[in-house]
Amino acid sequence: MAEPSIFTRIIAREVPATIVFETDRVIAFNDIAPQAPVHIIVTPKTERYRDVVELAAGDSELLAELVSTARTLADEHADGEFRLVFNTGASAGQTVFHVHAHVLAGGLGEGTLGSE
Ligand code: 5GP
């Protein structure tokens, strides 16, 4: 068996995190290194899917749940508008291979892509 991902360890409460949303299938917590005033990680509880491409092919309903969770969080923590980022692959910046979305909101500057 592979080691559990850091997000699985957060889900299991083995690693502390500020959890802001949770259902039986999805969890969301503040990113440990925020890149925006609101920076929340939304991830399925299963670590079966490594990235958004695998998730879309394997369980499109679960992907839709991540998106609707992002919307809920942006309503609760910002003005309802948000940027949703799925880094996909190491060269694109992915470091945790347990699919997750970054919900960025609350004042993102004027750029439309990237952080600046
Ligand atoms: P990726 O680079 O894979 O797209 O995103 C991984 C994200 O997880 C990064 O933004 C990183 O800051 C965040 N992260 C990594 N380890 C932890 C942790 O232990 N706790 C929390 N809350 N976030 C983490």
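This is a predicted model: local features need pLDDT of at least 70, side-chain atom pairs count only at pLDDT 80 or more; totals for chains, interfaces and linings use all residues.
Author: Residues are numbered from 1 along each chain as its sequence is written, and side-chain values use heavy atoms, with hydrogens and water left out.

Reader: What is the order of the strands in the open sheet?
Author: The order is β1-β2-β3-β5-β4, with antiparallel pairing. Strands here are DSSP runs of E with at least two residues, helices are runs of H or I with at least four, and both are numbered from the N terminus.

Reader: Why are β1 and β4 called edge strands?
Author: Each pairs on one side only. β1 spans 19-22 and β4 spans 83-85.

Reader: How are neighbouring strands of this sheet turned against each other?
Author: By 20° on average, direction ignored. Axes are lines fitted to C-alpha atoms, for helices over the stretch in contact, and angles run from 0 to 180 degrees between N-to-C directions.

Reader: What makes β3 and β5 a pair?
Author: Two strands pair if DSSP finds at least two bridges between them. β3 (residues 38-44) and β5 (residues 101-105) have five bridges, in the antiparallel sense. So they meet the definition. Ile41 has His102 as its bridge partner in β5, and His39 stands opposite Leu104.

Reader: How many bridges join β4 to β5?
Author: Three, and the two strands run antiparallel. Val85 stands opposite His102 there.

Reader: How do you know that β2 pairs with β3?
Author: Five bridges link β2 and β3 in the antiparallel sense. The definition asks for at least two, so they pair. Asn30 has Ile40 as its partner in β3, and Ala28 stands opposite Val42.

Reader: What do β1 and β2 form?
Author: A hairpin, with three residues between them. Three bridges join these antiparallel strands, and Ile19 stands opposite Phe29 in β2.

Reader: Why is β3 called largely enclosed?
Author: Because seven of its seven residues are buried. Buried means under 20% relative accessible area, exposed over 50%, and partly exposed in between (1.4 Å probe, protein chains only). Val38, Ile40, Val42 and Pro44 point one way, while His39, Ile41 and Thr43 point the other way.

Reader: What about β2 and β5?
Author: β2 is largely enclosed too, because four of its five residues are buried. In β5, five of five are buried. Ala101, Val103 and Ala105 point one way from β5, and His102 and Leu104 the other way.

Reader: Which strands does helix α3 lie across?
Author: Helix α3 (residues 60-77) lies across β1, β2 (26-30), β3, β4 and β5. The helix runs at about 155° to β3.

Reader: Which residues come nearest to the ligand?
Author: Of the 15 residues around the ligand, Asp31, Asn87, Gly93, Thr95 and His102 come nearest. A residue is near a molecule if one of its heavy atoms lies within 4 Å of it.

Key: Contact means heavy atoms within 4.5 Å.
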